[in-house]
Amino acid sequence: MSLIEKVRGALTGTDGRVDAEELVQRLESLAKFLRLVDPYLPDAGLVAAHTLVERAGNRLSLSRDHTVVALAGSTGSGKSSLFNALARLKLSPVGVRRPTTGIAHACVWGPLEPANRLLDWIGVLPRQRFIRESALDGDDEAALRGLVLLDLPDFDSVERSHRLEVDRLLGLVDQVVWVVDPQKYGDRVLHNAYLRQFKQHSDITIVVLNQADRLSPADTEIVLTDLKRLLEEDGLTGVPALATSAKQPGMLHELREALEKTVAERQASLRRLAGDVDAVAEQLATMIGPPAAEDEVDRATVRQLAHALSTSAGVPAVAAATVGAYRHRAIASTGWPLVRAVRKLRPDPLKRLHLSTDKPDSSPIGEAPVARTSLPQADAAQKSAVGLSVRAVAARAAAPIPPVWAPALSAASRSRLGDLPDALDRAVATTDLGMSRKPFWWTVAGLLQWLFTITAVVGLGWLLAGYAVRILGLPAFDNPRVGEVPLPTLLLLGGLLLGALMALVLRPIVNLGARRAGRRAEQRLRGAVTEVAREYVVAPVREVLNGYAQAREALTVVRSE
Ligand SMILES: Nc1nc2c(ncn2[C@@H]2O[C@H](COP(=O)(O)OP(=O)(O)OP(=O)(O)O)[C@@H](O)[C@H]2O)c(=O)[nH]1
Ligand SMILES: [Mg+2]
């Protein structure tokens, strides 16, 4: 017994029994796996698994009291002769002209009726169905009750239809008895195209060296030894290889016993399906590798994408406009009243871009009017930078998992690209740039500027009134003085000087505030763009990776033997 067989024996029980419930669970997991990967992986690699799920569902819902055993082999090996000999009736024509059998025959041990639905599914025509139960037999055939024996056409037939029929039936039956003869037991097609494909099914495979009556006992041993060697090379170690003869009933003893054991165990159908699940799971394992990275699409990749999207969405332009708007509004609030008036004639840089300067609209989604900016469309270079970073997201996600997933990840990363420009524009338009509230010091500075201006105006008015009085020859005011300087002059010059001084002192403060406002706006805009990047590019990629992770889990259950 090989190591693998020993391990398998330990897992499934020493007699290699397959637990029906466990098999159903594996099949359910296989169906779940297929549901998960179907939207993402190419159909071609999943056909066998889909076929198996459907076939297993059908077989398990049909009679488990019957075991379908097929006699398969090349033309003239004696399948029909063995079929008749086992049934002890002449049911399937044996011929000299090859190939003889073109259509499968079935013999049911026990009543036919309960096996009919199974035979319908297998596709044996009603007129090719026979029963092996007669009152004359007594209990002779009781040990085989439940056996459905099929005589297949030849697999290496010159008739294409025969080969197709054999291939179809070999996919459905519970157990296969390969019938070989002393001349052709080493046939390349038999071993390469058939027996090797059955290596997952060694527990439901029997090989018989038929026409052994033509060999001496010593030669039979030699041929059997050689046959076993070939079977080992096919990966069918431990498969029974028995000598039989359809012409000598005494030489059918071992085969009959093997069939009786199969029928009694009622395990063949489960073993067959379990072997199929093993084979399919092995094939699917190439589609699943290590778990997807915890941080599937890392921060650096998202940051790079957000950067490219920010540039294409005009974030730097909006940040620059915010700097301009801050300066514009600060001067309009804190400058000399005359300067303010001139300022107000010029457009606000943010309003020029049709950007919200108030807090974002809090009305529920759907009711809010679609915000639009007047930012220029992204140019070709910016678009290609976006394309590159979107590809980088897909590539990063695809890196640790099998390459078969790469097209799905790439398609997912691009799936919402069409909606991206609008989403970005909306994000930029609705981001609170932090420009809705007027800083308190602007008001204070604005009031002071008024105060200085009024002071200067009062001084000027006073002086003008003094001149007027003098011109009219009226008695002049006695202007109060502060030190040597008359008060009106002091008021005029002081008001003007203080106003100019304050404007001078405030300039660097306004510039600093403007830069800070620009940085804050840029940060908020980048945050909003990152959200869009996550929703429109990263989320669809994550969805595929999520499918991968769940499929990986499902496959673990499918593979548990
Ligand atoms: N001596 C001897 N001849 C056999 C034995 N089995 C079959 N034959 C002969 O071999 C020839 C072919 O037998 P079939 O049973 O028709 O072979 P088959 O495998 O059904 O062939 P196809 O239907 O063409 O695929 C017939 O002439 C049989 O009499 C056997 O065990 N011993
Ligand atoms: Mg035949």
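Is Q128 buried or exposed? In this predicted model, Q128 is buried, because its relative accessible area is 11%, which falls under the 20% that marks a buried residue. Q128 is found in the loop that runs between helix α5 (113-122) and strand β3 (129-131), and, once neighbours within four places in sequence are left aside, it is in contact with I103, A104, H105 and A106.

**Helix α5**

Following α5 comes G123, a residue whose phi is positive, near 95 degrees.

| Residue | Part of the residue | Distance to an oxygen atom of ligand 1 |
|---|---|---|
| S80 | polar side-chain atom | 2.9 Å |
| S81 | side-chain N or O atom | 2.6 Å |
| Q211 | backbone N or O atom | 3.4 Å |

Taken alone, ligand 1 exposes 640 Å², and the protein buries 90% of that area.

Because S80 lies in helix α4 (residues 79-87) while T101 lies in the loop between α4 and β2 (105-108), the pair ties together parts that are 21 residues apart in sequence. Both S80 and T101 are buried.

**Two residues with positive phi**

Most residues other than glycine have a negative phi. Q211, although it is not a glycine, has a positive phi of about 60 degrees; its place is in the loop between β6 (205-209) and α8 (217-233), and it counts as buried because its relative accessibility is 13%. R266, likewise not a glycine, has a positive phi of about 50 degrees and lies in the loop between α9 (253-265) and α10 (268-284). With 43% relative accessibility, R266 counts as partly exposed.

S312 is found in helix α11, which covers residues 299-312, and at 12% relative accessibility it counts as buried. Not counting residues up to four places away in sequence, S312 touches A378, Q382, V386 and L424.

L409 has its place in helix α16 (residues 406-414) and is buried, with a relative accessible area of 0%. Which residues does L409 touch, not counting those up to four places away in sequence? They are A394, A397, A398, I401, V541, V544 and L545. A separation of 48 Å lies between the C-alpha atoms of L409 and L150, two residues that are 259 residues apart along the chain.

How values were computed. Residues are numbered from 1 along each chain as its sequence is written. Chains are lettered from A and ligands numbered from 1 in the order in which they are written. This is a predicted model: local features need pLDDT of at least 70, side-chain atom pairs count only at pLDDT 80 or more; totals for chains, interfaces and linings use all residues. Side-chain values use heavy atoms; hydrogens and water are left out. A polar contact is a pair of N or O atoms within 3.5 Å; within protein, one must be able to donate a hydrogen and the other to accept it, and residues adjacent in sequence count only if both atoms are side-chain atoms. Accessible areas come from the Shrake-Rupley method with a 1.4 Å probe; for residues, only the protein chains shown count as cover. Helices (H or I, at least four residues) and strands (E, at least two) are DSSP runs, numbered from the N terminus. Buried means under 20% relative accessible area, exposed over 50%, partly exposed in between (1.4 Å probe, protein chains only). Contact means heavy atoms within 4.5 Å.
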